[in-house]
Amino acid sequence: MPQTRPSSVNARRILVAVAPPVLTAAVVLSVFLSVRERLPGRMAVHIGAGGNADGFSGQGPFLAVALSVLIGDGALFGALAYWIRANPGVQRVLAVIGGAVAVLTGWLVVAVLLANTDRDDASSVTLPGTQAALAFAAAALCAAAGWLICGRAEEVETVSGPAAGAERLTLGDSETVGWTRVAGSRVLPVTGLLVAAAGIVVGFTTGWLPALPLLVTGLPMALLTGARVTADRRGITITPSLAPWPRLNVPLQRIAEAGHRTVNPVRDFGGWGYRARPGASGIVLRSGDAICARLTTGSEFVVTVDDAATAAALLNTLADRERRTAAGG
């Protein structure tokens, strides 16, 4: 049966995600109110690579955006930490990231406010590169403290075996049968297109070199989001639906038993795509039915795909046949 971690551990992790954004927002608001009368009406809000101002905004819009980003950070990562509490490893990482991002953002916002203080001409505002280094150092300290506060907790075993039992298909000893379906994702193509679009915007506005990581990440994500899942005498084979490579195979010899169950990508694995966590790994492209193969190592391999029950029953039958053959029966 699944084990439940103490509620105090969940509370600490949610606090690690939520408290830094809230506290940082309070600091930003306090600093803004203390220097408001000394700020120019048109503030420098972006400092270019040379250290000089190249982006400007009014006081009100700048404060509203900064506070919205910080509060949104706390709401997003706090909700994720609560939602994914069944996956403690991912929960801990998300909580720490949420707090660190808030501290990094808040430090830079305060630095910009102080750099604008007592400036009559916003175009003369400069920001030393050391501020960025200090911001990252503060974020790293927050991450380290958050990691310790989160604490280690006993991993939750979400799966003790295939939930639907170990069904089998009736096959003759000489019969050869294969099963195949194409599994797709709605989230990954949209995410890939958004990342690629962001890369194009960065390319035109900043330069194509900084845009390259976004393009290299976004375009494959948008194109390679479908997978053909095959169950046959080779075991479970997964290939991109639009390309023959890369290919992932789990041979029958490694499958102790196969079943199927409902999988939620975020709650169970922390996201979409190829996922791995303690005791389980697999290809998770959407929520819903999934083949769940318990391997001979004791871990679980999961593939989200329609008609997973049929594939699992076939794999059990073929794995039984493979074991009889290996035993000389």
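Analyst: Patches are made of residues with over 30% relative accessible area and no salt bridge, where like charges are joined within 9 Å and nonpolar side chains (Val, Leu, Ile, Met, Phe, Trp, Tyr) within 5 Å. Accessible areas come from the Shrake-Rupley method with a 1.4 Å probe, and for residues only the protein chains shown count as cover. A salt bridge is a side-chain nitrogen of Lys or Arg within 4 Å of a carboxyl oxygen of Asp or Glu. This is a predicted model, in which local features need pLDDT of at least 70 and side-chain atom pairs count only at pLDDT 80 or more, while totals for chains, interfaces and linings use all residues. Residues are numbered from 1 along each chain as its sequence is written, and side-chain values use heavy atoms, with hydrogens and water left out.

User: Which residues form the nonpolar patch on the surface?

Analyst: The patch is formed by Val93, Ile97, Val101, Trp147 and Leu148, which together have about 430 Å² of accessible area. Helices and strands are DSSP runs (H or I of at least four residues for helices, E of at least two for strands), numbered from the N terminus. In those terms α3 (88–116) and α4 (129–150) each supply at least two residues of the patch, with α3 giving the most, three residues. An α-helix has 3.6 residues a turn, so residues three or four places apart point the same way. Val93 lies in α3 and is partly exposed at a relative accessible area of 37%, on a scale where buried means under 20%, exposed over 50% and partly exposed in between (1.4 Å probe, protein chains only).

User: How many residues of α3 are buried?

Analyst: Of its 29 residues, 21 are buried, so α3 is largely enclosed by the rest of the structure. As for its length, the expected span of a helix is 1.5 Å times one less than its number of residues, and α3 reaches 43 Å from its first C-alpha to its last, close to the 42 Å expected. Just after α3, Asp118 takes a positive phi of about 65 degrees.

User: Where does Thr117 lie, and which residues does Thr117 touch?

Analyst: Thr117 lies in the loop between α3 and α4, and its relative accessible area of 12% makes Thr117 buried. Contact means heavy atoms within 4.5 Å; not counting residues up to four places away in sequence, Thr117 touches Val35, Arg38 and Leu39. A polar contact is a pair of N or O atoms within 3.5 Å; within protein, one must be able to donate a hydrogen and the other to accept it, and residues adjacent in sequence count only if both atoms are side-chain atoms. By that rule, the side chain of Thr117 reaches the backbone oxygen of Leu113 at 2.9 Å.

User: Is Arg286 buried or exposed, and what does its side chain reach?

Analyst: Arg286, found in the loop between β9 (280–284) and β10 (288–295), counts as buried at 18% relative accessibility. Its side chain reaches the backbone oxygen of Val305 at 3.4 Å and makes a polar contact with the side chain of Asp306 at 2.9 Å. Leaving aside neighbours within four places in sequence, the residues in contact with Arg286 include Gly184, Val263, Pro265 and Trp272.

User: How many salt bridges does the structure hold?

Analyst: Side chains of opposite charge can pair when their charged atoms come close. The structure holds 10 salt bridges, one of which joins the side chains of Arg294 and Glu257 (3.9 Å, N to O). This pair links distant parts of the chain, with Arg294 in strand β10 and Glu257 in strand β7 (residues 255–263), 37 residues apart. Arg294 is partly exposed at 33%, and Glu257 is partly exposed at 22%. Asp232 and Arg234 also meet in a salt bridge (2.8 Å, N to O), in which Asp232 is buried at 11% whereas Arg234 is partly exposed at 41%.

User: Which residues are linked in a network of salt bridges?

Analyst: The network links Arg261, Arg267, Asp268 and Glu300. Within this group, the side chains of Asp268 and Arg267 meet at 3.4 Å, N to O; Asp268 counts as buried at 5% relative accessibility, while Arg267 counts as partly exposed at 32%.
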